[in-house]
Amino acid sequence: MPEVPEFTLEVGGEAVRVPSELPMLALRSFVVFPGTTLPLSVGRSRSVAAVRQAASGDGLLAILTQRRAEVDQPGADDLYEVGTIVRVLQTADTGRGLSIVVLGLARFRMLELVEGSETHSVRMERVEDVLADTPEAEAARRTVQRLAGELIRLRDDLPNELVEMIQGMQDPARLSDLIAFAGNLPLEQKTALLAQRDVLARLRVLIRHLMREIRVAQVSRSFAERAAGEIDEGQRKRLLRDQLRQIQEELGETEEQQAEIDDLRDRIEACDLPEEVSQVAEREVGRMGAIPSHSPERSVVRTYVEWLLDLPWQNETEDNLDLAHARKILDEDHYGLEKIKERILEYLAVRRLVDEQKGPILCFVGPPGVGKTSLGKSIARAMGREFVRTSLGGVRDEAEIRGHRRTYVGALPGRILQNLKKAGSCNPVFVLDEIDKVGSDYRGDPSSALLEVLDPEQNTAFSDHYLELDFDLSKVLFVTTANRTDTIPPPLLDRMEVIEIPGYTTREKLRIARDFLVPRQLEEHGLDDGTVEFGDDVLLRVVEEYTRESGVRNLERQIAALVRKSALQIAEKGSCESPTAEQLSDLLGPAPFTRQLAESFEKPGVSTGMMWTPVGGEIVFVEAAMLEGKPGLKLTGQLGDVMRESAEAALSYLRSNAEDFGIDPQVFEKNEIHIHVPAGAMRKDGPSAGVTMLAALASLLSGEPVRGDLSMTGEITLRGQVLPVGGIKEKILAAHRAGIRDVILPVRNRKELEDVPQEVRDDLQIHFVDRSIDVLREAVPSFLPGEPTEPRETTEPGEPRSRAGA
């Protein structure tokens, strides 16, 4: 190939000598025109080498455009023939390549692609512009300038400064290159304009292109104006706000404060907020824009808006309404508790028939450790809902429920909305723990605030003092827990569906320990199943001799202690032996309880009663003694007024019927009778100890002890009637745990035996009475000399029903 001479370019008044061969840089989908300055990113190894070679010399580089962008190592056939000579103005190493700024100088035609080991170079010749100084050329230049100005005014994405730049250009060649570079032209059309030497021909192509773009812009604007009349006010404001933001960005007036406001508005648009909440959020963001950045009020407003955006106003999880799955989950997590499981399944069954059903308000009442709180987690898992919990024990401030008003420093919403934000959905399972321990003082009554939360007719529009907007709580499944109901205000209790969870029987505890507690403790202590085995005899002894409770909390602690002993043996010796029942005293210490606790108290003047407490049932002993001296009745043991009256009623009944019972009336005139109920540190009250006190007095006067395996409960009257009392199930379970074998109950409490497990009824003989004389006949037979035996109702161990008999 013949030698190509060098040529000279004039750049900024300076003559630049251009050699006939330059390093080549290939561009994908991009065309560089003379007279334009633009940044480029260079990543391919050959391209980086070409840029470095040019930068190390005179900074000149030959740029060609690829015909196909997917070709990674283009050859001569993959490149357009006409390109642009550029000067590299800036280079920067980005770590993954180079970032450069180039200035287009002149057109060239590729004569030969010279391939090297590291980079390619181009042998070339210059392409000169051809332009005749004619009126047609001048008219074409002016037409292009006018059409470009009109297009810029119609288009919102082109800066207005471009109009002044174009109007000031008198060189048709430079004008054509600028319009071609900035115009929305296909790649093939841009490369054709770059290869066209005739400037007038280039201007004609650009005139046709500009006229078409003007028509498209006019139609787009007309369509946008028509659509603007159809959109709502909120959408129109968002469009105007977007346009304002773009204008500010073009003017370089965007500030950090404005960016913060724009970010909040973007979040408002992205969140699915109710219309009223969206309007309040927009209003507060508008206020925020007018507040100086140094003002504390600005952060207060921002915190408020963020709470509005973070709350799950309409975000809800989809319920899993598979009843078989729900029953499986509930059975996996808890043993027994059939009433509660049945209630949850009923709710799910109704949900399958009715889409929009209000969430029930359940109240689980029972002693500690029976699984009230963990039931809430199981319900959430069975339904596929989120789970949140808050404890109300000791809460005395109404603001804990409703929140503080925004006028207070550091104000926040109440616990209800805080936990809903944590849940991220508006239909979680929400456990309100220890609702029976809510207090009240000068700061308000939280239980009154809970009335709105737990009322299905009101909680569709729950109002928090902080938000001052209605929040719908009707989809929340509220579960409250309590140890007792007498401390819950009646209006609040009336709004809840109370489900009582009684204490567990010995057999139930054994099953729970074997199937639930032992596996859990082994896992928590890092031991595999089968590493340590606990036989039923070991677990049964732990249940009966190392715990005495309605729940299983202490039982789990004792099992954890045994597992720790085994873990220590493994750490020291590498293996361990499973504990036996005989080893328990060495591992856990002496047993604090005995299985036959009740049998050791057979003495005249002592009887065994049953009492209900917030932590389950307990047996109680009533002791009576007679002292010579001033007649009267002395009561000790922290007895309440009702219990004192029961003692007085029992004594009055015996005195009024002294002759029938063969008692010398002088006994009451010459002696003081003292009744004491042990566990004096604990306050006791209620009418159910009436029959127990009557039996203790009768035993004292007759000298015959009441059997230690007999316990009783019931209220007495002066006429000798035995009235029904409450807490029968808990009392019977407590008696069964203490080794009681016979129980005296009021006949009108017989229906409540249905709630007592069959295994407990099988172990007990239950005597039903409706008169005080029947109590004495069962407890102190010798107190009624010569009294004929009357028919009375009783049940033998194992009998499901009562019968009449001696």
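Author: The second largest pocket has a volume of about 670 Å³. Of the 24 residues that line this pocket, His334, Gly369, Gly371, Ser374 and Arg520 are the closest to its centre. On a 1 Å grid over the protein atoms alone, a pocket is an open set of points with protein on both sides within 12 Å along at least five of seven lines, while a cavity is a set of points where a 1.4 Å probe fits but cannot get out; lining residues have an atom within 4 Å of a point. Grid points are joined across faces, edges and corners, and a volume is the space filled by probe spheres set on the points.

The model is a predicted one, in which local features need pLDDT of at least 70 and side-chain atom pairs count only at pLDDT 80 or more, whereas totals for chains, interfaces and linings use all residues. Residues are numbered from 1 along each chain as its sequence is written, and side-chain values use heavy atoms, with hydrogens and water left out.

At least two lining residues of the second largest pocket come from each of α11 (323–333), α13 (372–383), α18 (506–524) and α20 (553–573). Helices (H or I, at least four residues) and strands (E, at least two) are DSSP runs, numbered from the N terminus. By class, this lining has 8 nonpolar, 7 polar and 9 charged residues. Here Ala, Val, Leu, Ile, Met, Phe, Trp, Tyr, Cys and Pro count as nonpolar, Asp, Glu, Lys and Arg as charged, and the others, Gly among them, as polar.

The largest pocket holds about 770 Å³ of space. It is lined by 35 residues, and Glu500, Ile501, Pro502, Lys729 and Glu730 are the closest to its centre. Helix α26 gives the most to this lining, with 4 residues. α26 (728–737) is one of the elements that supply at least two residues each, and the others are α12 (338–353), β15 (497–500) and β16 (606–613). The lining of the largest pocket divides into 15 nonpolar, 9 polar and 11 charged residues.

Turning to the cavities, the structure holds 2 of 30 Å³ or more. The largest cavity has a volume of about 100 Å³, and its lining includes Met24, Arg44, Asp72 and His120. Strand β3 gives the most to that lining, with 3 residues. The second largest cavity has a volume of about 30 Å³. Its lining has 5 nonpolar, 3 polar and no charged residues, with Val32, Ile63 and Leu194 among them.
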